[in-house]
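Colleague: I am new to this structure and would like to learn how to read its features one at a time. Could we go through it together?

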Amino acid sequence: MAFSWSLGNHESFALQIADATNFYITEKNRNDIKNGSILRLTTSPYQTAVQLHERIQSTSMDAKLESLKDLANASRDITFAQEFINLDGISLLTQMVESGTERYQKLQKIMKPCFGDLLSFTLTAFVELMDHGIVSWDTFSVAFIKKIAGYVNKSAMDTAVLQRSLAILESMVLNSQDLYHKVAQEITIGQLIPHLQGTDQDIQTYTVAVINALFLKAPEEKRQFDEHIVDILNCPLTKQLRSIILSNVIRSPTPINDEMAHQLYVLQVLTFNLLEDRMMTKMDPQDQAQRDIIFELRRIAFDVECDPNNSGSIEKRKSMYTRDYKKLGFINHVNPAVDFTQIPPGMLALDNMLYFARHHQDAYIRIVLENSSREDKHECPFGRSSIELTKMLCEILKVGELRKFTTRHTLFPLSLYCC
């Protein structure tokens, strides 16, 4: 080929697929070429990498911008990526993000679109290069992490820059436990929530992905949670998160795309798995704090004083307790704590009962009183029903099961409202 076309230095040339991918033809992928494919003769990956490495350092804003755009496109090809990385290209891009672009920030007011494009193409090239898995994520400095986190934390940021920054943070957290700790110091759930309130579903998807990544990599003891990885079930901030997802994502006029559906599925699984500990915890009948929860259920249902030292003989009080516990629908009327020694659902069933009694008192009282006055064959005892329903839901929602998140799964429609 070099002889036929009179190419003096054939090592400086290569063939590309002439389509949107522009992938280089190599010995490894040559058999993947389909019949009828159009090939293009172009400069070799090495020569292209050298040229772009020089051009992105140009002092001309226009030349720099055009070069970064070309680099972002070329970096999708692993053959080119390897050559550019060998030229220490990743370090050059991170330096540009850390400090190189700051020279242009003074011009941002008068050249804002250009500055946004400059940074966007820089981050896009970085993401594409890192996606090949050639360079370890553990090599990046705190300064770079702070810069990327800063773009996410800004209230007004170019959409493309925000999207790339979120993608970088997600990859950092998922690929390095050390970087998880550094990212968690810069980003909180509260700072991510505003990105869910917009209308751009790509931004929303990347935001949920970052939340999932932080949650997945959080040490076990922190999943109950600190200010960065909040208690998904009880923290007011996370209740706000669920509400925003419901209003701005699930009930949005825009249909949920496959990637968003997957990220919501992951969030659901992580949320449900928080319940595993309570689901597998037996009640200790001798634990007074746990027994007090049952006393609380009795007090709310019958509006009685639960002080064990109240008036009346011991036998009278025992008889009264037994009667009330029967009305509440427990199997063991004498010591209902025994009902919660079966795992699953363990203490999770009692948690659900107490939540319902406290937050929906009228409905709770009505259910208890209605069923306590029915014939045995028509009754639906609150205690037994609650325990069985909790156990059934744990099975349906697969609470505590280890699952791979690389495979796409269907969302649980009813659980969307509690994700």
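Colleague: Does phenylalanine 382 count as buried or exposed, and at what relative accessibility?

Modeller: Phenylalanine 382 counts as buried, at 8% relative accessibility, where buried means under 20% relative accessible area, exposed over 50% and partly exposed in between, with a 1.4 Å probe and protein chains only. Please keep in mind that this is a predicted model, in which local features need pLDDT of at least 70 and side-chain atom pairs count only at pLDDT 80 or more, while totals for chains, interfaces and linings use all residues. Residues are numbered from 1 along each chain as its sequence is written, and side-chain values use heavy atoms, with hydrogens and water left out.

Colleague: How is a pair of aromatic rings described?

Modeller: Such a pair is described by the distance of the centres and the angle of the planes. Rings of Phe, Tyr and Trp (its six-membered ring) pair if their centres lie within 6.5 Å, and planes under 30 degrees apart count as stacked, over 60 as edge-to-face and the rest as tilted. Across the whole structure, a search finds 13 aromatic pairs. In one of them, tyrosine 321 and tyrosine 325 have ring centres 6.2 Å apart and planes at 35°, so the pair is tilted. Both tyrosine 321 and tyrosine 325 are buried. For phenylalanine 356 and phenylalanine 382 the ring centres are 6.0 Å apart and the planes lie at 25°, so this pair is stacked.

Colleague: Which helices hold phenylalanine 356 and phenylalanine 382?

Modeller: Phenylalanine 356 belongs to helix H17 (residues 347–359) and phenylalanine 382 to helix H19 (residues 382–396), so that the pair, 26 residues apart, links distant parts of the chain. Helices here are DSSP runs (H or I, at least four residues), as strands are (E, at least two), numbered from the N terminus. Phenylalanine 356 is partly exposed, with a relative accessible area of 22%.

Colleague: Where do nonpolar side chains tend to be in soluble globular proteins?

Modeller: They tend to be buried together. A nonpolar core is a set of buried Ala, Val, Leu, Ile, Met, Phe, Trp, Tyr and Cys residues joined through side-chain atoms within 4.5 Å. The largest nonpolar core has 68 residues, of which Leu71, Leu93, Phe126, Ile168 and Met172 touch the most other members. Helix H6 (residues 112–130) gives the most to this core, with eight residues. Apart from it lies another core, of 24 residues, among them Phe295 and Tyr364.
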